[in-house]
Amino acid sequence: MTEIVRRRVVVSGRVQGVWFRDSCREHARQHGVQGWVRNLPDGRVEAVFEGAPDRVDALVAWCHQGPPRAQVDDVEVTGEAPEGIQGFDIVR
């Protein structure tokens with residue numbers, strides 16, 4: 001059985017209004033990672049990734065750069081117990 005991990009990521013900087021959520025969803029789907037991404041009221045972006053450790057790590061690494069127009073200042077990563085999420089959604 002394949003190991004599944006879950007990471008909650010909170011990204012700070014210029015990360016709203018720069019296609020961060022759409023780009024994150026596209027990268028997650030390309031890597032076969034499940035989860036969701038949303039804007040936070042304070043200007044940060046929060047995402048949850050579930051999947052194989054190497055694939056989740058690739059998404060976490062991508063968050064340190066984000067899409068071309070983003071300016072990432074900080075990325076907080078927290079490990080959590082997987083919940084068995086299916087698909088990858090933008091949460092509003």
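**Sheet, helix and labels**

Reply: Five strands form an open sheet in the order 4-1-3-2-5, with mixed pairing. The model is predicted, so local features need pLDDT of at least 70 and side-chain atom pairs count only at pLDDT 80 or more, while totals for chains, interfaces and linings use all residues. Residues are numbered from 1 along each chain as its sequence is written, and side-chain values use heavy atoms, with hydrogens and water left out.

Me: Why are strand 4 and strand 5 said to stand at the edges?

Reply: Strand 4 (71-80) and strand 5 (88-90) each have a single partner strand, so one side of each lacks a neighbour in the sheet. Two strands count as paired if DSSP finds at least two bridges between them. The strands themselves are DSSP runs of E with at least two residues, helices are runs of H or I with at least four, and both are numbered from the N terminus.

Me: By what angle are neighbouring strands of this sheet turned against each other on average?

Reply: The average is 15°, direction ignored. Axes are lines fitted to C-alpha atoms, for helices over the stretch in contact; angles between N-to-C directions run from 0 to 180 degrees.

Me: What makes strand 2 and strand 3 a pair?

Reply: Strand 2 (residues 34-39) and strand 3 (residues 45-51) are joined by six bridges in the antiparallel sense, and the criterion asks for at least two, so the label holds. Within this pair, glycine 35 stands opposite phenylalanine 49 of strand 3.

Me: How do you know that helix 1 packs on the sheet?

Reply: Helix 1 (residues 20-31) touches strand 1 (5-14), strand 2, strand 3, strand 4 and strand 5. Contact means heavy atoms within 4.5 Å. The direction of helix 1 makes about 175° with that of strand 5.

Me: What joins strand 1 to strand 3, and what joins strand 1 to strand 4?

Reply: Strand 1 runs antiparallel to strand 3, with seven bridges, and antiparallel to strand 4, with nine bridges. Arginine 8 stands opposite valine 48 in strand 3, and arginine 14 has glutamine 71 of strand 4 as its bridge partner.

Me: Which pattern does the protein chain follow along the sequence?

Reply: The pattern is β-α-β-β-α-β-β, from two helices and five strands.

**Overall dimensions**

Me: What makes the radius of gyration agree with that of a compact globule?

Reply: For 92 residues a compact globule would be near 12 Å, and the protein chain has 12 Å, so the two agree. The radius is taken over C-alpha atoms, and the globule rule is 2.2 Å times the number of residues to the power 0.38. Along the principal axes, the C-alpha atoms fill a box of roughly 40 × 25 × 20 Å.

Me: How much of the protein chain's contacts with a separation of 6 or more comes from residues 24 or more positions apart?

Reply: Such residues account for 79% of those contacts.

**Individual residues**

Me: Why does cysteine 24 count as buried?

Reply: Buried means under 20% relative accessible area, exposed over 50%, and partly exposed in between (1.4 Å probe, protein chains only). Cysteine 24 is at 0%, so it is buried; cysteine 63, at 1%, also counts as buried. Buried residues make up 41% of the 92 residues.

Me: Is serine 12 buried or exposed?

Reply: Serine 12, in strand 1, is at 16% and therefore counts as buried. Among the residues that serine 12 touches, not counting those up to four places away in sequence, are Arg44 and Gln71.

Me: What makes glutamate 50 buried?

Reply: Glutamate 50 lies in strand 3. Its relative accessible area is 3%, so the label is buried. Glutamate 50 touches residues including Val5, Val33 and Ile85, not counting residues up to four places away in sequence.

Me: Why is tryptophan 19 called exposed?

Reply: Tryptophan 19 has a relative accessible area of 57%, so it is exposed. Tryptophan 19 is found in the loop between strand 1 and helix 1, and its phi is near 70°, a positive value in a residue other than glycine.
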